[in-house]
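My plan is to look things up one by one and jot down what I find.

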Amino acid sequence: MFPMPVEHWKPLNRRIYKLSLPIALLIWLLPMIAVMVTSIRSTEELTEGNYWGWPKHFALWANYHEALTTSPMLHYFFNSVMITVPAVAGAIALAAMAGFSLAVYNFRGNTALFATFVAGNFVPIQILMIPVRDLSLHMGLFNTLPALILFHIAFQTGFCTLFLRNFIKQLPYELVEAARIEGAGEWTVFFRIVLPLIRPALAALSILVFTFVWNDYFWALCLTQGDEAAPLTVGVAALKGQWTTAWNLVSAGSILAALPSVLMFFAMQRHFVAGLTFGATKG
Amino acid sequence: MHMTLNRPAALPLLRWPRSPAWLVPALFLAPAVLMLAVFLLYPLLSSFQLSLLDWNGLGEQGRFIGLGNWLHLLHDPLFWRALGNNAWLALFSIVIQLPLALALAVLLDKAGERSRWLKIIYFLPLLMSSVALGVLAKNLYDPNFGPINLLLQQLHLDGLAHDWLGDPAYALGAVIAVVCWQNVPFYMVLFLAGLASFPEDLSEAATLDGASEWTIFWRIKLPHLRGTVRTAVLLAIIGSLRYFDLVFVMTGGGPEHASELMATYMYRTVFSGFQLGYGSTIASAMFLVVTLIAALALRLSRRFQTEV
């Protein structure tokens with residue numbers, strides 16, 4: 001990676017370097033370790049005032065069981081999954097097609113259209129709050145899952161298109177030409193040639209968009225009312241109101257809420273840095 | 001639309017009659033453009049239209065009052081205060097997040113393949129939802145039970161213990177600290193991606209010429225990352241101007257508007273004050289501010305196509 005391997009440095013430098021990463025890491029993660037420990041602290045200990053010390057008894061099962069059963073956590077969880085999965089798939093499908101079109105065809109207005117997609121990313125989404133709420137009311141979608149799915153697709157497509165267009169642009173164009181000479185139609189070129197080649201980008205992008213949508217709080221606040229269509233973020237915020245002093249349960253809830261995106265990330269991490277790197281190094 | 005691309009067709013006789021050249025790219029683009037037009041462009045324009053109304057959201061239509069809301073906005077001290085807070089957030093994001101992210105990226109990049117797990121762990125705060133982080137941060141800052149104050153008391157530094165989120169003097173700073181922590185990983189990944197394209201023979205040659213690590217960083221690596229740094233600054237400014245989540249969860253903009261941002265102010269105006277017209281005015285003003293600054297920054301850098 002670097003001209004001089006770490007092993008050949010001056011001993012002092014090497015020691016500082018080797019120590020600095022774990023120490024920084026510990027400080028970095030301290031707040032998160034605190035939530036994890038709190039999530040397995042028993043309620044008795046909290047009432048005794050042992051808020052931050054090492055817990056004497058672990059109440060892992062009891063806390064998580066209670067968090068799951070005494071609140072509609074599972075319902076929120078289900079909503080989050082039903083919103084996030086179609087939204088990610090939809091945004092990436094639309095963006096892959098649009099990105100393919102912008103990258104492969106040379107039509108008039110291409111640059112202007114691409115610039116519009118770029119500019120769309122800079123819109124402060126909050127400005128859309130009132131009209132979007134109105135729109136969902138008019139379409140009869142307010143407080144339903146399809147509303148959140150549709151709006152998430154719309155808001156993520158711009159970013160995804162930008163990312164995928166740059167990625168497809170880097171592919172050797174001869175591949176597309178060769179396929180056409182073989183008689184492949186445009187759809188086949190897209191589906192059979194380009195899509196398989198951009199798999200790393202699709203993987204990296206799907207992790208990112210998954211976390212964006214999964215963790216969204218703003219649109220969930222605007223487009224839902226009550227529990228019916230509320231996703232986990234709203235649920236966790238509600239837990240906080242329900243159990244103002246039961247920090248252990250709130251912590252258990254937050255961990256459950258974070259779990260899917262963390263698992264996604266771990267499962268796909270191999271593609272993540274590679275995919276982002278390839279997409280971002282063009283310049 | 002007009003195609004300039006020549007499509008070599010080997011077996012024209014066996015082919016379907018050619019469709020007009022613009023049709024294929026247009027079909028590929030149509031779904032995405034349609035979504036953006038309906039759910040992004042239309043609401044955007046509609047927001048400007050609403051900003052000209054006096055509307056509490058109950059009647060069918062509001063009363064048209066022209067630029068009344070905009071005039072009110074210009075003299076609204078709360079809006080200016082919120083804008084100022086957004087500016088502080090942007091400043092601290094650039095001064096704290098970016099150098100930290102860069103340092104982490106350089107260290108991790110140097111560790112090479114072995115650092116894969118470290119990269120993942122550093123990325124964790126970005127994977128947690130702002131709501132969960134906000135709840136956590138509120139507990140950390142709790143004046144009576146929070147570990148920060150407990151620690152200060154243990155050290156007999158009671159004078160330094162404050163009601164961090166409840167005291168107007170400290171609320172904004174306390175929130176900004178958490179926002180920075182949450183967002184460092186994002187910029188770290190951006191810099192890691194930039195460093196990955198760094199030609200290694202460059203630093204190898206510099207080492208042979210006797211350059212120190214320090215020199216290599218300042219003289220070779222940082223200039224190489226110039227474009228990425230510019231992108232990061234732009235993203236940090238825009239992100240700060242439209243920030244909402246953590247502030248809303250931790251303080252809701254309070255106490256006494258000490259941590260109010262444009263977005264939280266707008267949210268409150270709409271959902272607590274039921275002033276939909278004026279809320280739209282705040283939103284539109286936010287859009288103008290962000291667009292102006294983004295356009296300025298892009299003009300300065302002129303590289304929007306290649307780096308994002």
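These are my notes, entry by entry.

**Ground rules.** I'm working with a predicted model, where local features need pLDDT of at least 70 and side-chain atom pairs count only at pLDDT 80 or more, while totals for chains, interfaces and linings use all residues. Residues are numbered from 1 along each chain as its sequence is written, and chains are lettered from A and ligands numbered from 1 in the order in which they are written.

**Domains of chain A.** Seven residues of domain 1 of chain A and seven of domain 2 of chain A make the contact (C-beta atoms, placed from the backbone, lie within 7 Å). On the domain 1 side, helix H1 (11-39) and helix H2 (43-48) of chain A each give at least two residues. Helices here are DSSP runs of H or I, at least four residues, and strands are runs of E, at least two, numbered from the N terminus. H1(A) gives the most, four residues. I sorted that side into three nonpolar, three polar and one charged.

My classes: Ala, Val, Leu, Ile, Met, Phe, Trp, Tyr, Cys and Pro are nonpolar, Asp, Glu, Lys and Arg are charged, and the others, Gly among them, are polar.

UniProt (unreviewed entry) marks "transmembrane region" in chain A at several places, including 112-132 and 246-267. Its positions use the numbering here, feature names are shortened, and annotations may be inferred rather than shown by experiment. In chain A, 112-132 is 62% helix and 0% strand, and 246-267 is 95% helix with end C-alpha atoms 32 Å apart. The chain B list from UniProt (unreviewed entry) includes 169-193, which in the model is 92% helix, with 39 Å between its end C-alpha atoms.

**Helix H3 of chain B.** I checked its length: the 35 residues (77-111) should span 51 Å at 1.5 Å a residue, and the end C-alpha atoms are 50 Å apart, so the two agree. The expected span is 1.5 Å times one less than the number of residues. I also found a kink of about 30° in H3(B), centred on Ser93(B); the bend is the angle between axes fitted to the seven residues ending there and the seven starting there.

Definitions and conventions: Two residues are in contact if their C-beta atoms, placed from the backbone, lie within 7 Å.
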